[in-house]
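Hi,

Here is the model I promised to pass on.

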Amino acid sequence: MSCKQILIIEDDQAICQTMKDILEIQGYEVSIANDGQEGVDHLRKILPNPCVIVLDLMMPKANGWQFLDLQRADPQFSHIPVIVCSAFEESAKSVRPQAFVSKPVQLKQLIGAVKEFCA
Amino acid sequence: MPHPTKILAVDDRPENLFALEAALTDSGYKIIEAHSGEEALELAKEHDFAVILLDVQMPNMDGFETAKRLRAQKRSAVTPIIFVTALHKSESYEIKGYGAGAVDYLFKPLSIDILKAKIAVFVELYKKNEENLRQAELLKKAELREQEIKLLKEAVATRDEFLAMAAHELKTPITPLSLQIQAFIQMYKDNTIEGVPRDRLIRMLETSNVQVERLSKVIDELRGVVQITSGKLEVLLETFDLSLLIKDVIQSFSGPIQNSGSLVSVDVPEGLVGFWDRRRLEQVVINLLTNALKYGRGQPIQISAWKQQEQLHLQIRDQGIGIAIEDQERVFNRFERAVSTRHYSGLGVGLFIVDTLVRLHGGKIRLESKLGEGSTFTVELPLQAVT
């Protein structure tokens, strides 16, 4: 099954837009949410669900940790793999994401991680 | 003790003074001699004495009068006074002496043992008192020091917080900027760039450009703070029309104004000529406008300026989030802001810089604000900068 949908949850507009541009050039379909709450709302409202989520941790309103709690508690979305994208490696790894990309982001690392889940 | 204990001996007859000194010579005290009441009063202003030995019968000012005056002088107000007298013990005489401030009597001819014993008691008291004072002073010093250390620690903590924030502000634009560059390199290497729509490529490069502007803005702010705090702020005064400067700034901000969604109305008549530093005032206008756009919630912003007496008034009013009364003074401090850094980027130094630059012109800035209703900043400048 081929899936092209990606959800980016990140509060910095420039980072969102850049990732979106780059991943769209690669042929993916990218949606953006600016905080954890928007991310959850997006999952609930917009179909089809993404095949992978790129998640920032430090965000206003609902942060990345809060998003993960909500997502993992919901059997409808808990299977969606999450790539945590953060400057804080230890915090990022402590939440046991399916993949981790450190900031500042390396292009190949980001595309490689996404490819792994969007075959 | 580094200073020997001082004793004042007052007698009009040198031979008596000589006898006293001889009696006390090996006791380690420093005997200071006065030959009259007047001289004693002068010496008592200059030294702290453990005890004063005061002859009663002296020409001009007698012992009683001298004692009274010693009591009236601050430095000798509580110094123990021992009257030395050859008069026969008479009760009324003694009472007069005690009334004048004596605490003890010695009768001539002096018994050296009694003299030494009495003086020793007072010296002991004096030393204890001195020690107490010294302890109290040490305690006070320690407290002051503790207070100073607390303030310094707070200052260091504030600075560290500021540095962490500056690092964050410098690092955030790096991710998109570096991603864009890597993407372009990759697209050229793969020869895939031809297939990417021109619009998208231009937008990506524009985003990169915005990141560079973000970075240089943070660096400008850092430099502004360094300049101000290191006192290297020079003023270059010239005659110019502030209304033109305001209009130039607004024109150069057309992009950010559009992005903010705020409608900016300008009520600035021409001919607001004064003698000021152009670059500094440009910074003032930019910082106030930036804040209004940032905290203005997309609501209308009004900029007005007018002359009033010998003052120039510049007012920037927004209808944004406003500042709580308890935060209104704080926002002008260095590294302070009233809202969390996660929701609003920036270093929190903008108003500190504005306040400093306005003061540099001999002017002042006023803030009226209500939480949730918006803020009005009014700058008042003398038409001729008073530096």
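Predicted model: local features only at pLDDT ≥ 70, side-chain atom pairs only at ≥ 80, totals over all residues.

The buried residues of α1(A) are covered from both chains: β1, β2, β3 and α5 of chain A are part of the cover, together with α6 (174-190) and α7 (198-229) of chain B.

Of the 13 residues in α1(A), 10 are buried, so the helix is largely enclosed by the rest of the structure. The buried ones are A:A14, A:I15, A:C16, A:Q17, A:T18, A:M19, A:D21, A:I22, A:L23 and A:I25. You'll notice A:Q17, A:T18 and A:D21 in that set. As for its geometry, α1(A) reaches 18 Å from its first C-alpha to its last, close to the 18 Å expected at 1.5 Å a residue. After the helix comes A:G27, with a positive phi near 100 degrees.

The chain contact is where α1(A) turns up again. On the chain A side 14 residues are in contact with 20 residues of chain B. Helix α1 (residues 13-25) gives the largest share of that chain A side, 7 residues. By type, the chain A side splits into 9 nonpolar, 2 polar and 3 charged residues.

Now the sheet in chain A. Five strands make an open sheet with parallel pairing, in the order β2-β1-β3-β4-β5. β2 (29-33) and β5 sit at the edges, each pairing on one side only. From one strand to the next the twist averages 20 degrees. Within the sheet, β3(A) and strand β4 (residues 82-86) of chain A run parallel and are joined by 3 bridges; A:L55 has A:V84 as its bridge partner in β4(A). Helix α5 (residues 107-117) of chain A lies across β1 (5-9), β3, β4 and β5 of that chain, and runs at about 165 degrees to β5(A).

Which residues touch the most other members of the largest nonpolar core? That core has 37 residues, and the ones in question are A:I6, A:I8, A:V52, A:V54, A:L55, A:I83 and A:V114. Its largest share, 7 residues, comes from α1(A). Apart from this core lies another one, of 36 residues, with B:I301, B:I316, B:L357 and B:F377 among them.

Strand β7 (residues 264-267) and strand β9 (residues 301-308) of chain B pair in the parallel sense over 4 bridges, and B:V266 has B:I303 as its bridge partner in β9(B). β9(B) is also joined to strand β10 (residues 311-318) of chain B, antiparallel, by 8 bridges. There, B:Q308 stands opposite B:Q311 in β10(B). β9(B) and β10(B) form a hairpin with 2 residues between them, and B:Q309 in the turn has a positive phi of about 50 degrees.

Finally, some backbone details to check by eye:

- The peptide bond from A:L47 to A:P48 is cis, with omega near 0 degrees. A:P48 is in the loop between α2 (36-45) and β3 (52-55) of chain A.
- Another cis peptide bond runs from B:K108 to B:P109, with omega near -5 degrees. You'll find B:P109 in the loop between β5 (104-107) and α5 (112-171) of chain B.
- A:R96 is not a glycine, yet its phi is positive, near 50 degrees. A:R96 is in the loop between α4 (89-94) and β5 (99-102) of chain A. A:R96 has 11 other C-beta atoms within 10 Å, so it counts as exposed, the cut-off being 12 or fewer.
- B:N60 also has a positive phi, of about 55 degrees, without being a glycine. Its loop is the one between β3 (51-55) and α3 (63-72) of chain B. B:N60 is exposed too, because it has 10 C-beta neighbours inside 10 Å.

Cheers

Methods: Residues numbered from 1 in each chain as written. Chains lettered and ligands numbered in written order. Contact = placed C-beta atoms within 7 Å. Nonpolar A, V, L, I, M, F, W, Y, C, P; charged D, E, K, R; others polar. Core = buried A, V, L, I, M, F, W, Y, C linked by C-beta atoms within 7 Å. Buried ≥ 20, exposed ≤ 12 C-beta atoms within 10 Å, placed from the backbone. Pairing = 2+ DSSP bridges. Axes fitted to C-alpha atoms, helices over the stretch in contact; angles between N-to-C directions. Expected span 1.5 Å × (residues − 1).
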